[in-house]
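The exercises below are to be worked with the sequence and the coordinates at hand. Each task is followed by its solution in steps.

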Amino acid sequence: MRLTGPDAVPDWMKGDGRMPVRILVRWIMAMTLGIAAPVAAQMMPEGPVLAAADLREGQSLDGEWTYSIDPYRDGAAGFHGGPAGEGHRRYDDTDVAARTADDPIALYEYDMDASPRAVLPESWTGHAPEMRHYEGLVWYQKRFDAEIAPGERQFLRFGAVNYHAEVWLNGKRLGEHEGGFTPFAFEVTGVLRTEGNRLVVGVDSQRDALSIPPPVTDWETYGGITRPVRLIAVSETFVDDAWVRLADRDTLAVDIVLDGASGAEREVVFSIPELGLRRSVRTGDDGAARLTIAVPPEVELWSPDSPRLYEVLVEAGGDRWRDRVGLRTIETDGPHILLNGEPVFLRGISLHEEELGEDPARRITPEAARELLTLAKGGLGANFVRLAHYPHGEAMVRAADEMGLLVWSEIPVYWRIAFDDPAALEKARLMLAENILRDRNRAAVALWSVGNETPLSDARNAFMRRLVDDVRTLDPHRLVTAALLTEQERDGDHPVMVMGDPLAQALDVMAINAYNGWYGPDRLADLPAIEWRVPPGKPLLFSEVGAGALAGLHQPERPGKFSEEYQAEYYRQTLAMLSQIPNFAGISPWILKDFRSPRRQRPVIQDGWNRKGLVSETGERKQAFGVLADWYAERAR
Ligand code: GCU
């Protein structure tokens with residue numbers, strides 16, 4: 001959408017223009033793409049993008065940390081609400097043992113060096129039995145030495161901290177981040193020291209009515225530092241962002257943003273060595289550059305059947321940025337989703353970010369990610385995964401890139417969001433931008449979802465449409481979707497499901513969560529007779545269908561809910577029902593694996609687990625697993 005009229009220039013560009021250059025640059029890039037939203041500025045993270053940071057050389061700060069619980073937030077504020085006193089400030093650069101040895105009457109009521117130990121990244125649910133249901137503030141500390149090369153800049157990068165993080169290094173407050181599923185980084189040049197660094201993070205899992213997600217969800221919160229923490233050193237001027245993709249089947253587009261004093265008017269070299277492709281370009285005075293290159297005829301396109309990744313390089317000054325990128329196109333054509341110009345049916349499954357095992361703690365290592373995706377691809381024959389309900393870790397998305405699975409990526413705009421509050425919208429927009437900026441080089445990501453099962457209202461429609469516009473600004477080369485709800489009506493003798501959600505018309509791909517035969521009055525035998533009245537002319541996914549079963553619970557004679565037989569029959573009847581819908585373009589049943597949910601407390605059957613998995617929490621396959629796998633095998637012929 002081109003810019004027109006006085007609203008063309010966003011407010012922050014009319015004012016003092018103090019917005020950091022990198023954000024201004026991204027706005028200009030969005031405008032030149034001709035798709036910038038004409039009304040409000042695109043929300044952008046304050047910090048650096050550090051694209052492909054997980055591939056950059058750096059020092060891992062994973063491993064042993066100490067942690068100290070603080071349920072009354074004593075380290076965050078004094079008992080009358082003023083600043084915390086010296087003896088309570090977990091984030092001070094203080095060696096408590098030395099301090100109290102030196103002054104025996106000094107009073108400290110914490111000691112981060114002597115606190116319990118934990119191996120990160122993992123949720124605190126895994127630290128100790130008493131942490132299993134902890135919600136609130138936990139202080140973490142990491143002591144480390146660092147090599148500091150002259151002329152380099154150093155950044156501290158967190159893969160994710162759930163839900164709110166406040167970070168200090170050597171007693172200096174670096175900043176804070178809200179949102180449990182997207183990366184953030186702080187520059188620590190000049191604060192970092194070569195020995196005895198004291199990194200302290202206050203992690204608060206508490207959410208409120210303005211949070212994204214809200215306090216009530218159907219999954220375990222898993223508070224804590226749940227993804228890798230790294231110290232990354234870069235040259236004074238470095239490649240902060242590089243976006244490499246097929247703008248269409250003939251055009252390779254590359255956008256590059258340098259960060260640093262000498263980023264302007266700088267020669268940059270882009271190359272894909274395996275294609276013998278090398279181009280140089282000069283950045284503008286904003287440190288940004290764009291290349292559009294004819295696609296080399298020998299390029300092998302990325303697809304689930306052939307997940308070909310290319311090493312791509314951007315060299316500028318002293319920095320050498322790299323990523324591994326698949327080249328492909330994804331678009332729609334009427335009711336079809338086209339991958340590289342060919343119709344594709346999405347044979348999917350939904351996943352939470354939770355590893356296999358009896359006591360998960362959101363430890364999604366590359367191995368854990370591959371184990372889950374192998375169950376999906378190898379076990380079910382899937383070509384698609386819905387990574388619900390929030391951005392999963394880089395390990396999972398990169399595994400999908402490498403193994404060949406298309407991805408539905410989602411921000412946790414879930415259920416009861418404060419749709420009428422600008423602060424909630426700002427958080428959602430920021431989270432969406434952080435997600436897209438992190439993953440838009442991942443060929444596997446085909447769909448950006450702006451939410452799940454959000455209740456209809458004018459405020460909600462405006463909120464969601466704003467997010468849809470942001471997707472189109474940040475990444476016009478992928479499909480935008482959302483998981484929507486439908487209403488059940490009756491038409492004479494048969495039930496009708498009606499999609500009346502006005503948001504559907506704003507989406508590239510409609511998606512429905514449906515539970516006929518599990519929630520509500522429908523009997524399984526009646527499902528194939530249900531008529532679905534949905535807008536024609538664009539692809540329709542079923543982002544959720546599902547039924548619960550306790551692995552090993554068998555009732556062959558009179559299958560009841562939570563028996564494996566009932567779940568299997570639910571899948572047979574549901575798949576028969578959906579197959580009759582003309583624009584049925586794919587499905588991601590709920591869900592690959594049983595997962596922890598505090599809402600599911602029926603003794604013996606649930607015990608705090610949502611049992612809609614096709615496998616148990618330890619990977620034990622239920623009968624329905626085979627029903628879906630057989631159905632996918634038929635579809636894949
Ligand atoms: C909803 C929701 C899921 C939830 C599921 C269920 O559709 O999107 O997060 O877990 O239903 O009820 O199991």
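Helices (H or I, at least four residues) and strands (E, at least two) are DSSP runs, numbered from the N terminus. This is a predicted model, in which local features need pLDDT of at least 70, side-chain atom pairs count only at pLDDT 80 or more, and totals for chains, interfaces and linings use all residues. Residues are numbered from 1 along each chain as its sequence is written, and side-chain values use heavy atoms, with hydrogens and water left out.

**Exercise 1. Cavities**

Find which element gives the largest share of the lining of the second largest cavity.

Step 1. On a 1 Å grid over the protein atoms alone, a cavity is a set of points where a 1.4 Å probe fits but cannot get out; a pocket is an open set with protein on both sides within 12 Å along at least five of seven lines; lining residues have an atom within 4 Å of a point. Grid points are joined across faces, edges and corners, and a volume is the space filled by probe spheres set on the points.

Step 2. The structure has 4 cavities of 30 Å³ or more. For the second largest cavity the volume is about 50 Å³.

Step 3. Its lining includes Ala51, Asp241, Trp243, Leu437 and Arg442. Strand E13 (238-248) and H6 are the elements that give two or more residues to this lining.

Step 4. The largest share, 3 residues, comes from E13.

Step 5. For the classes, Ala, Val, Leu, Ile, Met, Phe, Trp, Tyr, Cys and Pro count as nonpolar, Asp, Glu, Lys and Arg as charged, and the others, Gly among them, as polar. The lining of the second largest cavity then has 5 nonpolar, 1 polar and 5 charged residues.

**Exercise 2. Pockets**

Step 1. By class the lining of the largest pocket has 22 nonpolar, 4 polar and 14 charged residues.

Step 2. Helix H4 (366-380) and H5 are the elements that give two or more residues to the lining of the second largest pocket, and H5 gives the largest share, 5 residues. This lining divides into 6 nonpolar, 5 polar and 12 charged residues.

**Exercise 3. Burial of H5 and of arginine 429**

Determine how many residues of H5 are buried, and whether arginine 429 is buried or exposed.

Step 1. Buried means under 20% relative accessible area, exposed over 50%, partly exposed in between (1.4 Å probe, protein chains only).

Step 2. In H5, 8 of the 10 residues are buried, so the helix is largely enclosed by the rest of the structure. Glu394, Arg398 and Asp401 are among the buried residues. Just after H5, glycine 404 has a positive phi of about 90°.

Step 3. Arginine 429 belongs to helix H6 (residues 422-439). With a relative accessible area of 6%, arginine 429 is buried.

Step 4. The side chain of arginine 429 makes a polar contact of 2.6 Å with that of aspartate 470. A polar contact is a pair of N or O atoms within 3.5 Å; within protein, one must be able to donate a hydrogen and the other to accept it, and residues adjacent in sequence count only if both atoms are side-chain atoms.

**Exercise 4. The ligand and glutamate 453**

Which residues come nearest to the ligand?

Step 1. A residue is near a molecule if one of its heavy atoms lies within 4 Å of it. Of the 14 residues around the ligand, Asp218, His389, Glu453, Tyr519 and Glu544 come nearest.

Step 2. Aspartate 218 places a polar side-chain atom 2.6 Å from an oxygen atom of the ligand. For glutamate 544 the distance from a polar side-chain atom to a ligand oxygen atom is 2.6 Å.

Step 3. Glutamate 453 lies in the loop between strand E26 (445-452) and helix H7 (458-474). Glutamate 453 has a positive phi of about 50° although it is not a glycine, and at 15% relative accessibility it counts as buried.
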